[in-house]
Amino acid sequence: MSKLIVVLIIFFKSTLMVFAAPNIASRTGILVDYHSGHVLYENEPDAQIYPASMTKIMTAIVAFDLIKKNKLSLDDEFTVSDNAWRLSQAGYSSMFIMVNDQVSVEDLLHGIIIASGNDACVALAEGIAGSEENFALMMNEKADELGMTSSNFTNASGINDPDNVSTVRDIAIMSAYLIKNYPDFYKLFKEKTFTWDRTGGEPIKQGNRNPLLYKNVGVDGVKTGYLAVEKYSLASSMKKNDRRVIAVVSGFETKNSRSSQSLKLLNWGFRNTNTFEISKKDETKFEIDTWLGKKNKISAVTKENYYVTINKKDIRNLTVSLRYIGPVKAPIKKGDKIAELHINKKNENLKILPLYASEDLKKVNFFKSLITSLNYMIWGDV
């Protein structure tokens, strides 16, 4: 009555030219597939860096979290302090807000994300938390929540502070969280210009500092950075069709190398690897044969999303199989584990995904159960 069912559901064949890992002229870097979380490239990804304006990704996330919880509104207005205004006079990137200006959260976020305004960061931090120091505590609390184990934020802008540190791995984690949890707000990161109708002067129009946005290659974020001690850095994300990759690199000597080398890394990821959706939580259905139930089949689902990323040269060796001892005897309760998905590359097991019944299946009555059992004994037919 029991037999091992193995159904091959995916088998890829491919003859593709694959290139060696790229030589990227940065001090540290990482390239990650957004859906699978698979690291495609790394160079000292856990080396400490000064994140500079990439810090502003976390500043925005803290605000987005509060908006999502209805503790903050885009229409809320904060008064610009002398402390915030001074940053606009100190030669740093600025939104150019003035002392005692009443500025909305929406405008401040535009000033932070597009114009990279350090003054806007301070105004937002003080408006939310009372002081930039208190706001930094909120940033670190969020970093801990995301598993950013090597980061410490001391201000909202990322300007010079030896204790404001992170890693490219942590910044990739932070960027992925932003994209996943705030897709509507993330659209701000691809806007190319922001015009601020400033007090005491003509409106000032500034362009987004991310150079890859202007190349129309699928890059839609995330944030540049520069400090004299760190040189040039960039967190970037590229999307093609349904696939997305995230690159974070730091320690470039020039702006041009930051742009060209980041694009080289992103393109290398798409050109040399593929990501496949294996299962979506509670959505992807797998049919399982049953016995003594009111139906001959029942659908099973996973309790997690799962994607696999693989080098294109290895695609021909990727298999996904459905395995269970069956047919599975009724009654079956929704949520019962009834099968497994095995994802393999050659002889290497990449993942075993448990499959759970997506519905209840009641057992047939005694008379029908008896007839079914006799048929099986005589004919081997379930």
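Let me start with Asp282, which is partly exposed, with a relative accessible area of 46%, where buried means under 20% relative accessible area, exposed means over 50%, and partly exposed lies in between, computed with a 1.4 Å probe on protein chains only. This is a predicted model, in which local features need pLDDT of at least 70 and side-chain atom pairs count only at pLDDT 80 or more, while totals for chains, interfaces and linings use all residues. Residues are numbered from 1 along each chain as its sequence is written, and side-chain values use heavy atoms, with hydrogens and water left out.

Asp282 is found in the loop between strand E11 (273-279) and strand E12 (286-291); helices, labelled H or I and at least four residues long, and strands, labelled E and at least two, are DSSP runs numbered from the N terminus. The phi of Asp282 is near 60 degrees, a positive value in a residue other than glycine. As background, most residues other than glycine have a negative phi, and most peptide bonds are trans. Asn70, in the loop between H1 and E4, also has a phi near 60 degrees, and Asn70 is exposed, with a relative accessible area of 71%.

On the peptide bonds, a cis bond with omega of about 20 degrees joins Gly221 and Val222, and Val222 is found in strand E8. Another cis peptide bond, with omega of about 5 degrees, joins Ala330 and Pro331, and Pro331 lies in the loop between strand E16 (328-329) and strand E17 (337-345).

Staying with loops for a moment, Glu304 lies in the one between strand E13 (297-301) and strand E14 (306-311), and Glu304 is partly exposed, at a relative accessible area of 33%. Which residues does Glu304 touch, not counting residues up to four places away in sequence? They are Ser279, Lys280, Lys281, Lys351 and Leu353, with contact meaning heavy atoms within 4.5 Å. The C-alpha atoms of Glu304 and Leu353 are separated by 8.6 Å, although these residues are 49 residues apart along the chain.

Axes here are lines fitted to C-alpha atoms, for helices over the stretch in contact, and angles run from 0 to 180 degrees between N-to-C directions; angles under 35 degrees count as roughly parallel, over 145 as roughly antiparallel, 65 to 115 as roughly perpendicular, and the rest as oblique. The crossing of H1 and H3 is left-handed, a term used if the near helix is turned anticlockwise from the far one by less than a right angle, with right-handed used if clockwise. Lys56, Thr59, Ala60, Ala63, Phe64 and Ile67 of H1 make this contact with Leu109, Ile112 and Ile113 of H3.

How many of the nine residues of H3 are buried? Seven of them are, so H3 is largely enclosed by the rest of the structure. The buried residues of H3 are Val105, Leu108, Leu109, His110, Gly111, Ile112 and Ile113, and what covers them includes H1, strand E4 (77-79), strand E5 (102-104), helix H4 (118-129), strand E6 (193-196) and strand E8 (219-227).

H1 also packs against H4, at an angle of about 35 degrees with their axes 11 Å apart, and here again the crossing is left-handed. In this contact, Lys56, Thr59, Ala63 and Leu66 in H1 meet Asn118, Cys121, Leu124 and Ile128 in H4. H4 in turn packs with helix H5 (residues 132-146) at an angle of about 85 degrees, with their axes 8 Å apart, and H4 and H5 are therefore roughly perpendicular to each other.

Finally, the interior: in soluble globular proteins, nonpolar side chains tend to be buried together. A nonpolar core is a set of buried Ala, Val, Leu, Ile, Met, Phe, Trp, Tyr and Cys residues joined through side-chain atoms within 4.5 Å. The largest such core here has 61 residues, of which Met58, Phe64, Leu108, Leu178 and Val248 touch the most other members, and its largest share, nine residues, comes from H1. Leaving aside neighbours within four places in sequence, Leu108 is in contact with Phe78, Met95, Ile97, Val103, Ala120, Ala123 and Leu124. A second, separate core of 25 residues includes Phe286, Ile298, Ile332 and Leu355.
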